[in-house]
Amino acid sequence: MNELSPHAAQLRAAMTGPPQDAAWSGGLWAACAQLTSAELGMLLPVAYRTLAAEDAPDHARQVAREVTWTKVQPSFTSRTLTELFLALAESPRPRDVRFAAGGLLRCTEAWDEEALRKPAAVLVEVAGRRADETADAALAVAPLAGPDAERELAGRLRELYADSPLRSAEIEILLATGPRERALVAEDRRYAPLTGEWPLLTDAALGPSAEELHTELARQVLSTAADHLAALHAGRIPYAADKAFTASDTDTLWRAARRALRRDEPWAGQLLATLLPHSAVAPTTAKTLPSQAACIGLAQAVEAHPTPEAVAALREARRVVRHAGVTKKLDRTLRRAERHLARRPELALRLTDLGLDADGVRRLPCGPYTAVLTVGEEATLTWESAEGRALKSLPAAARRDHPDEVAAARDLLAKARAQIRTLIRGVEGGYLEGTVHRYDRWRDALDQSAVVRGTAHRLIWEVEHAPGEWRAVLPAAGPADDAPEPAGSAAVRLWHPARATAVERHYWRDRIAELGLRQPFRQAYREHYRPGATGESATGDGDTGHEAIGHEATGHEAIGDGAPGCGTTGDGGGTGSAHSTIMFHGHLLRIEAVLGLAVRQGWNIEDEVLVLPVGELTACFVIAGSLYPGASGWAEAMEVKLYRADGSPQPLAEVDAVRLSEVLRAVDLLVSAGSFGWCETHAHEPGAWQQLNRLYDQPLGEGARMRKEALRRILAAQIASGRVELGARQLLLDGRYAIHLATGRVTRDGDPVEITLPTGRRAVPLPFLPYDETLLERVVRTVEHLM
């Protein structure tokens, strides 16, 4: 492509000619947003020359900056790549070699090596002055600069990394490859690009060569690092806190782990099972680490490309770490890694073999006693005598005479419970990731793994029997008599209420209650959102008002489940726009409660806004207050927006119904935990009761309606007897007591009643609850207590 579109030509003219008229200046950003990859590739050399020219006018520099900030992936022809090299070499800075190396990967034609030689030599020479910051990119461009320039750069790097054996080994292998292979390594960066840098290429865009590159190097690096840490823990190497690896070695270690995990190399899990725990704890009783940077770097690699084995290694590192700050970081990374497993459906149901039989049982001899590990809905460890008689607890003789066997049994129990937790979080994370499994692999996983079977059997799944024809199935209820066997390649996904009709939702809730199933996470009773197109909130059950969620076990138990009935994605009624929803507008939030939960749920603070990565989208939750780590006080909830990867707003109506529902559910989790919590910490603060009373009068949200659905089934006998009546917002007991379904607040004949529920052995046994929720449990216990 040699011709520019009118808007691209206008941008080039603005950088090289007189100022544009004032009317066009307002269209600068719109013009940049319309640039194609090829057009950006033609304009970038002009922009870099303009920014480097000391006599360039202010208007030209402004346009050039906007062009370089454009969030479009550039592409180059042989001619424009040469122009890029020449422009960068006119006034080179050390970091400019990164653009040159990136241009090699983004060139769609064979480049002209002769034309690139001189500018490449200039760029490599300048980059060599800051070799520690530009080594990978300089190595990529060095072959184009000629053998002398490459030898000089190699000598500098060998001297620079003399005390970094992992990095030195990587450099030597890179020197035996070509420019493109080296540029692939330079592109594999640990941190996101800064303003003015190009978006990193995805794995798919890099092509198969990126997946096959340096696999043996990755294995060598990880093996060397594992041996080094093992020797350190064995006492063969003196221990010094944070001295096991240099900063350069740490980056190399991260890259190697990322490559191995991305390819799901069979040896990666075993090496990480040694690397992660050994890097997380000192060989002494100190609370330090052999290398904090290596530990966090490896954890980040697992988060980006999790496998079940790597997640298990990360969980073990979290178990043994003693450093309080690293503990918090590993907690967050572990939760995200478990959720990200849903992005890899071919791995999500793969679990390490625990030696269980077909019934999910494993028996381990402990002298004359036997430890019996049973995995079903949960993992339990029981003990038997030599005669096979069940014992109430671990015999003292076994603990005294066979400590190693007892420890091994308990370790196996911990691994089984960890597998169940990881599986549950990974499967539930499939909602946001849009995970779809192959039917044959899903079926085999249920048949072969007791851990998968115990969890997946209690969930509702949808199988695609024909294109667009999905049939819901609950494995615990047995196969349907009239259901044909799907093809092995058929798609399987989790059932979600946002995709179901009201009749289907009520059917599955009744079925769950009838079977007495306790689902691994809230599914049949899951809160869901269906924003309408007219500014009104459309609920799936025929209710009016918006659908909001309740809480999870966060330490702040939700007592109000939704905002007033305000609109969503429509542009009618002044309730929002096509790109945002003001569903939660008006709620007063306790900032420290919101931020504490937000960090654990994967939210980050960017420009004083909470952001959550959702696949290729980013969700933004705006709060009218200054957000920063450690912020406190109250602030008002504002709108929720979605953005595409290029920074443009995403119309909510175009988002998959389940993904949008889950995003809004994640936001309402923060609102529920932060605005009205069953939390004694803030109960007596000034204004707390006024806030509670204001929320007490709000319409029920979806979380409270789900609670009402559950209570209708739990208290069916009491409702039939007439002692309990479910009203619009309250549960009425004996005509005198009223328990609010969204707050749990109790009144008698209109007067507030303080209820102190018995705990421990004095607590009334609970009936069957279809899902875990502290407020649901509290309402049921309150009813039982008052009755």
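User: If buried means a relative accessible area under 20%, exposed over 50% and partly exposed in between (1.4 Å probe, protein chains only), which class does Asp 264 belong to?
Analyst: This is a predicted model, in which local features need pLDDT of at least 70 and side-chain atom pairs count only at pLDDT 80 or more, while totals for chains, interfaces and linings use all residues. Residues are numbered from 1 along each chain as its sequence is written, and side-chain values use heavy atoms, with hydrogens and water left out. Because its relative accessible area is 24%, Asp 264 is partly exposed.

User: How many residues apart in sequence are the parts tied together by the salt bridge of Asp 264 with Arg 350?
Analyst: In this salt bridge (a side-chain nitrogen of Lys or Arg within 4 Å of a carboxyl oxygen of Asp or Glu), the closest N and O atoms of Asp 264 and Arg 350 are 2.9 Å apart. Asp 264 lies in the loop between helix 16 and helix 17, and Arg 350 in the loop between helix 21 and strand 1, so the parts that the pair ties together are separated in sequence by 86 residues. Helices (H or I, at least four residues) and strands (E, at least two) are DSSP runs, numbered from the N terminus; the sequence separation is 86 residues.

User: Is Glu 709 buried or exposed?
Analyst: Glu 709 lies in helix 31, which spans residues 702-714. Leaving aside residues up to four places away in sequence, Glu 709 touches His 506, Arg 509 and Tyr 525, where contact means heavy atoms within 4.5 Å. Since its relative accessible area is 10%, Glu 709 is buried.
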